Structure formats: structure tokens, C-alpha cells
Amino acid sequence: MKIETKCIQSGYSPANGEPRVIPIVQSTTYKYDSTQTMGDLFDLKENGYFYTRLGNPTVGYVEEKIADLEGGVGAMLTSSGQAASLITILNLCHSGDSIISASTIYGGTFNLFGVTLKKLGIECIFVDAELPLEELQKFVKPNTKAVFGETLSNPSLDVLDIEKFAQLAHNNSIPLIIDNTFPTPFLCNPFEYGADIIIHSTSKYMDGHATSLGGVIVDSGKFDWTSGKFPEFTEPDDSYHGVIYTKNFGKAAFITKARVQMMRDLGSTPAPQNAFLLNLGLETLHLRMERHCQNAQKVAEFLENNPKIAWVNYPGLKSSKYHDLAAKYLPKGCSGVISFGVAGGKAAAVKFMDSLKLAAIVCHVADARTSVLHPASSTHRQLTDEQLVECGVSPDLIRMSVGIENVDDIIADITQALECVD
Ligand SMILES: *Cc1c(COP(=O)(O)O)cnc(C)c1O
């Protein structure tokens, strides 16, 4: 099936007489007739639901749909994108390990890696993703367990050379984790370029309507865990009666361990109701992404030709230094987020934002409604000026999430707001 069909059809196929639409199974528990069955479920000998922290039918249908959209062997929904990042790293690393991450990543992930993982004894080395492979290799140590980057970084909109990062990871027998939140599987499929694990904040385009926080982890099933670097995958797990993940679950070793160890212990489970809403979003993902891309491209071109705009950053513009990488990794479009500076710096930026009527100031991106945000005074305000630059965020940067309204109305709103700036 093509991706448009998968958006609608994958994950849930009702049998004769069953509900046409995914049912919301609002139950924490599941009833069984024998202690034997329950025991087998706990031992992972049988497939089935026993407690919603570890699995729920509504959540399960959506996990299958997203695994299919990305082309993975399995997926696990989490209560937020942050939880997806945390579980992914903790599934690979323990105290004393190290990871390498592109420095231009989402502010929340930057803090998670730089502050909270550090407290847990896991080091993150932030690197300039544009360095050549030989330079990046110098950051790899014997205890390095993963490489991380965002396909299209939030909010700096750098396009990652995924193949280069995959080479770095695989030359060292470690997996590449890609946060594919901004492109979604409709615009880019990182597994095709060598990524091993994909994560998303589903709170963004996948939900698409700003209703439900959520995250997802998708396992490509392709990474070889048996090099000796990942004994937790190849040696018995005493907390699961000696299960050996690579032996018992084969290609699904990573995602199974993420669920039965990490979700069991951390409990950042999504609500069935939120999974239902996420699925509604996914059913129109392909249509919405197409329109987000078209509108953003037009708005970016309009801004670039406006004398009151100091600079525009959108990988779909010919002037972007990421134009070539975007042509390779994002051939269908560069998603809906644009960043730019209004001539006159921070004061002009604030005046512009306060004058917008259609576009609202919200701490969110990637939903149907056009919105704006000033990261330096909101999402990234806890970072120092130096860290801001490292993250690719200048003090005058306005992030605009271009919605799926009629683009003429969006441009008219920008025009009238710019007229208010002197
Ligand atoms: C929003 C976001 C996250 C965090 O997701 P939440 O659902 O807000 O926890 C992670 N990565 C990227 C790229 C994001 O945009």
C-alpha cells in the first residue's frame, strides 16, 4: 500500500460485525479465565493484554499504523515525545555510557540529554552535525552507545545528513536514533537512509490538531545487537525470568525490551483516548502535510522578498544552505515551520508578533492553525546566549508554524502586521 492508504487503513482491520472505527478501550485491566493464561502472559509466552501500562488495544492499533508508516517491525506509543526520547536512550545506555547528539535539536531534548541524563551518569557529547565524518569520529569513545539527530531540527530547521550520521553510527557498531517529528513519515523515511530507531513527538503533525500530547518509538528491526556492546540485549534479563531479547524476540528485540523493561518501570503510558485522537490525526496526515508544505513554501518566498524581513530560514528556499540536503531527504516538501527575523531586531519582532491577528502566539508548532513563537523568550529561555547560538536560535528568531488555512489569508495577516512595525 502507498503511504496515503496506510494513513487511513493500517493498524486496525475490523472483523465481520466489529466497529468500523477504532474502539476506545478505556480499561486498565483485562479478564482471564485461568491463572495459567495470566502466568503465560506475564512470562511473555503468550501475546495478549494484561495491564494497560504495558499494552492496550486502542493504543496497539495506532502503534501498528505508525510502525507501518515508517516501515518498522514494531512501535510503542508513549505519553509524550520527551518520554519517547528518554525511554529510547535508557533502553540502550546505563550510568557510565556516552551518546553523541547533533547540537541543533529541540530545546526539551537538549535539556534532557545535557542535564537529566547527566544526573543519571550518562554523558551526551553535542556535536556540530555539519562536521565531516572523520571529525565526528573523534567524539566516539568505547562507551559510546548511540548517535542522535533530528531530520529537520526544531526550531533551527537544519536538515541532517542522515546517511553520514548512519555511517558514523554503524562504523562503530552503535545505532542511529532519528527524531523525525517535523517531516513525519509522509515527507521522509529515515529508515531508508540507515536510521535504526525513529522517534516522534506525536503532539505535533501526527496529531495535527493540538489535542493530545504523545510520543512514539519505532524499531527498524535491522540493527545487530550482538556485537558485544549491548549485553542487556544478549544476556538473560533476570527481571523477566531470563528472557534473552535477541534470542526470544529476534528483530523486535529493541522495541520489546523498551516495552517490557522500560515502560514497565517508567510507566509513561499514553491514554487510550489520546491514542484514538492521534489516529484521527493520522488519517489525514498525508493531506495536511501536503498543504502545510505548499503554504510554508509560499509564505517563505513572500517573506524573502519583503524588505522589512532581515532573513528567512526555510530549507525549501534556494537561498537555504540546506537546499541540497532538503532536495535529497525532503523531496515532497520541507514541512510547515519557517524561521525568520524582522528588520529591527528583538523589539521589531515583538511588535510584529503582537500585531498578528490570524496567527496566534502559542507554545506549539505543527497543528492546523498558523501560530508564532519567539523561542529565545519561551521554549529556549533557560539556555544561555552561547547555548542559544549552539542550538541555532538567534535572539531575534521568530518561529512561524504555517497552518492549513488559505495561504492568501496568512500572507494578508503577515502583511498587515509588518505595516505596524516601523
Ligand atoms: C515537541 C518536540 C519534542 C518533545 O515532544 P513532547 O510531545 O512535547 O514531549 C521532541 N522532539 C521534537 C523535534 C519536538 O518538536
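**Close-up 1. Thr256 and its contacts in the predicted model.** In this predicted model, Thr256 is in contact with Tyr245 and Phe249, once its neighbours within four places in sequence are left aside. Thr256 is found in helix H11, which is made up of residues 253–266. With a relative accessibility of 14%, Thr256 counts as buried, because the cut-off for that class is under 20% relative accessible area.

Close-up 2. Phe148 lies in strand E4 and is buried, its relative accessible area being 2%. Not counting residues up to four places away in sequence, Phe148 touches Ile100, Ser101, Ala102, Ile105, Thr109, Phe113, Phe165, Leu176, Ile177, Asp179 and Ile199. Leu44, by comparison, stands 104 residues from Phe148 in sequence and 30 Å from it in space, taken from C-alpha to C-alpha.

**Close-up 3. Helix H7 and the elements against which it packs.** In helix H7, which covers residues 162–171, the buried residues are Ile162, Lys164, Phe165, Ala166, Leu168 and Ala169. One of these, Phe165, is also among the residues touched by Phe148. The buried residues of H7 pack against strands E2 (98–102), E3 (123–127), E4 (144–150) and E5 (176–179), and also against helices H6 (133–137) and H14 (323–329). After H7 comes Ser173, which has a positive phi, near 55 degrees.

**Close-up 4. The open five-stranded sheet and helix H15.** Five strands, in the order E8-E9-E12-E11-E10, form an open sheet in which the pairing is mixed. Strand E8 (309–313) and strand E10 (360–361) stand at the edges, and each has a single partner strand, so one side of each is left without a neighbour in the sheet. Helix H15 (residues 345–355) packs on this sheet, where it touches strand E9 (337–342), E10, E11 and strand E12 (398–401), and the direction of H15 makes about 125 degrees with that of E9. E10 pairs with strand E11 (residues 371–373) in the parallel sense over two bridges, and within this pairing the bridge partner of Ala360 in E11 is Ser371.

**Close-up 5. Strand E12 between its two partners.** On one side, E12 pairs with E9 in the antiparallel sense over four bridges, with Ser339 standing opposite Arg399 of E12. E12 also pairs with E11, again in the antiparallel sense but over three bridges, and here Val372 stands opposite Met400 of E12. Both faces of E12 are covered, since Ile398 and Met400 on one side, and Arg399 and Ser401 on the other, are all buried.

**Close-up 6. The largest cavity and its lining.** The count comes to three cavities of 30 Å³ or more, and the largest cavity holds about 70 Å³ of space. This largest cavity is lined by Asn91, Leu92, His94, Asp97, Lys145, Lys229, Phe230, Pro231, Glu232, Phe233 and Lys257. By class, the lining of the largest cavity consists of four nonpolar, two polar and five charged residues. Helix H4 (81–92) and helix H9 (231–234) each supply at least two residues of this lining, and H9 gives the most to the lining, with three residues.

How values were computed
Residues numbered from 1 in each chain as written. Predicted model: local features only at pLDDT ≥ 70, side-chain atom pairs only at ≥ 80, totals over all residues. Heavy atoms only, no water. Pairing = 2+ DSSP bridges. Contact = heavy atoms within 4.5 Å. Axes fitted to C-alpha atoms, helices over the stretch in contact; angles between N-to-C directions. Buried < 20%, exposed > 50% of the residue type's maximum accessible area, 1.4 Å probe, protein only. 1 Å grid on protein atoms, 1.4 Å probe; cavity = no way out; pocket = protein on both sides within 12 Å on 5 of 7 lines; lining within 4 Å. Points joined across faces, edges and corners; volume = space filled by probe spheres on them. Nonpolar A, V, L, I, M, F, W, Y, C, P; charged D, E, K, R; others polar.
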